[in-house]
Every structure is written in structure tokens, then in C-alpha cells.
Amino acid sequence: MKRSLFEPVLGVLIDPSADRAFELGRPPEHAYPHLGPMGVESGRRVVFFPPNGVDRSAQAASGWEYAAGRWRRARFPLPAAVYNRLARRPLEARGPVCRLRKYLGKNRLFFNPRFLAKNEALAALSRRGVSTPRFAVPKSAGDLVDAVRAFGVAYLKPADGSLGRGIAKVERAAGRGLERFTVTANGAAPGPPARMAGGPAFFARFAGMLLASGAYLVQEGVELPEVGGGPADLRALVQRTAAGWSLTGVAGRAALPGHISTHTVRGGRRVDFEEVAKACGVHRAAVEDLVRRAAEAVEAELGLAFFEFSADIAPAPGARLFVLEMNAKPFPFDEEEIRITAGHRLLEFALKAPGERTEPCGIG
């Protein structure tokens, strides 16, 4: 089916809260609003719409587009390519939204169809032989304590968490018949982590309270290089191109001294990839090989259609690389070069969408 000039080449499915932000002219970054101006510059129409803006009977949607230097409300044909940028897991799982995602998956090129849980992504990587730290999914406080004892240093992560919320680092020390656990934990809000320590009884109580709040992943700690006095890791963006999965960009992130999270919302800062690479002897080519295999593994194991992933990567001594997390809803990178390249690749990918789909992408 040939597209008309009026038909959008790409639709971005957004939260209703983001819909309201567009009305105020300050759309949130997670909605990928920079694609609007980029589309205008390249002569392509990019539109943004919430789930309740879709009119299936008319094959149309109501939402937002960027035109004449401002955001404006618009009604438009339902695009042949739709990127799922819903930012909240509970919203994505609601019945009406779930049914809409199924509909889009059957009738459109609907990609990055849902969030990934940390443990399912790591399990997919592990099954395909992609390097990850050892991990465990505890069903009880005893399981969690046993995993920390086995790993020595471990990170405890909410299975469905993001932006460093709820992460805790645990260091175990034992000797002369004594065992001690030191916990450094992020809170729900940004700010310095809390620190506490104690023996087995203390940590068993802590583990029980943690699991009572939801599912957790226990991941073996990897020795990270220090940059500016804090641990540093890598963020990589891998996207699908005509030639297959390709590294779009990679950058470093460094935590504040004494902090456990490199996320910028928790005080982490951007650092050049070369600065981190120099500290541990890794090369860009090795990062690209790792993230390409990681993207292939997750997509193959889950049977879903994705355009891009971001990967958190731990560079370890001896030029070793480990995938810490795979994110199916990557936040736009702060680095302008990566952001621009990513946007152009996304528009090119959407342009190749067929007018109609006969095979479902699936949503899991």
C-alpha cells in the first residue's frame, strides 16, 4: 500500500499523562518528543497518541503532532508503524490497553511491545550464552540470603524497577566465626543511599521486608572501574537496521563516590566512553558484538518484535564485559550525537513498514 503525504510514517503510543504534557507544550522525554521536530526536518509526519485516542472503526487516532514550530492537537490516519512508549507497567497491563496492543500487533508494525522484567531478560541472555553476572530469583528470604552468601557481593534489584529505585548493594564478610552484611540501599526518591549493617538475623529480616514489597533479582556484583572516585559502567543503544542489529552509540556513566547507582537522576554523571574504556581496557568493537548478540538473544527467546534496546554493561578487569540489564523502553540518551542518530534510524525503520500487516508481531 502506497503512503500518502498526509499519512504519518510513525505513531508513538504515549501515556495519557504525557498527552496532557503535550497540551502544555512540555512533553516528557520518555515520550520521544524530539522525533516530532526531526520528522518535520526530514519531511516526515510523526504523531503521538494515547490509548484512548485510538478509533479502530475509523482506523484513525487523535493526539499530537509538531508543526509550524509548536505542538498542536490533530486527528490522523492510524500509522502503519507504531512505537510503544507507554511508560508505566500497570497502565500497559490494563485490560483495554492490553487489547489495543494485541490489535496493533496484528494490524500494524507494532514494536517494542512491552516492558521486560529484569529476570526474564537475563534468563534469555543466559540461555543464549551471552555474558551476564550470575543471578538468582529468590522465592523466600532464605533464598535471598543464600544467594548473597554464594556471591559475596550482590545487587538486589526490583524485577520491574527502573532508574535505580529500590536497588541495594550487599557486601558479606565472614571470619572468626562472625558473619556481617553491609547494605547500601537506594530509596524510592533520588538522594543519597542509606547504609546499614548487621549479622545474619539483621539481614534475614531485611531480606524478608524486601521481598514483601515485590519480586526481586539478586545479581552478583562485578568489580567496576572507578572514574572520578565513583564506580562507572556503560550504556549502549542497539537498533535494528537494514543490515541487522547495530550499535548506535555507547557512553559511560559514573556514580558519585559512595553511591551504588550511575543513573543521572541519582547523581550519576555522563563520562566519555573512552574514559571508561581506558580504565578497563575494553574496545567499542567488543561492546558492539556483545549488544548485537544480546538483542538477537532477547528477541529470539521471547518471540517479540523490537526495534531497539538499551543495555547496561559492566566493564570488568581483564577487558571483560557483562550485560547487567536490557531495557525495552530505553530513555533517550543525553548525548546529542547518539540521540540524533537514533532518531534517524527510527524514522528509516518506520518508513519500511508495510501498509498492512498479515503476520502478528505479538505482545507476550
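Which residue forms a salt bridge with E65? The partner is R72. The closest N and O atoms of this pair are 3.3 Å apart. Keep in mind that the model is predicted.

Look at how each partner sits. E65 has a relative accessibility of 7%. That is under 20%, so E65 counts as buried. R72 reaches 34%. This value falls between 20% and 50%, so R72 counts as partly exposed.

Now widen the view. A search of the whole structure finds 21 salt bridges. The E65 and R72 pair is one of them.

Next, find E220 and R134. Their side chains meet in a salt bridge, with 3.0 Å from N to O. E220 lies in strand β13, which covers residues 216-220. R134 lies in the loop between α5 (118-127) and β8 (135-136). The pair therefore ties together parts that are 86 residues apart in sequence. R134 is partly exposed, at 44% relative accessible area.

Move on to K157 and E325. These two form a salt bridge as well, and their closest N and O atoms are 3.1 Å apart. Here both partners lie in strands: K157 in β9 (residues 153-158) and E325 in β19 (residues 320-327). So this pair ties together parts that are 168 residues apart in sequence.

D146, R149, R172 and E179 are linked in a network of salt bridges. Trace these four residues in the structure to finish the tour.

Note on methods
Residues numbered from 1 in each chain as written. Predicted model: local features only at pLDDT ≥ 70, side-chain atom pairs only at ≥ 80, totals over all residues. Heavy atoms only, no water. Buried < 20%, exposed > 50% of the residue type's maximum accessible area, 1.4 Å probe, protein only. Helix = DSSP H or I, 4+ residues; strand = E, 2+ residues; numbered from the N terminus.
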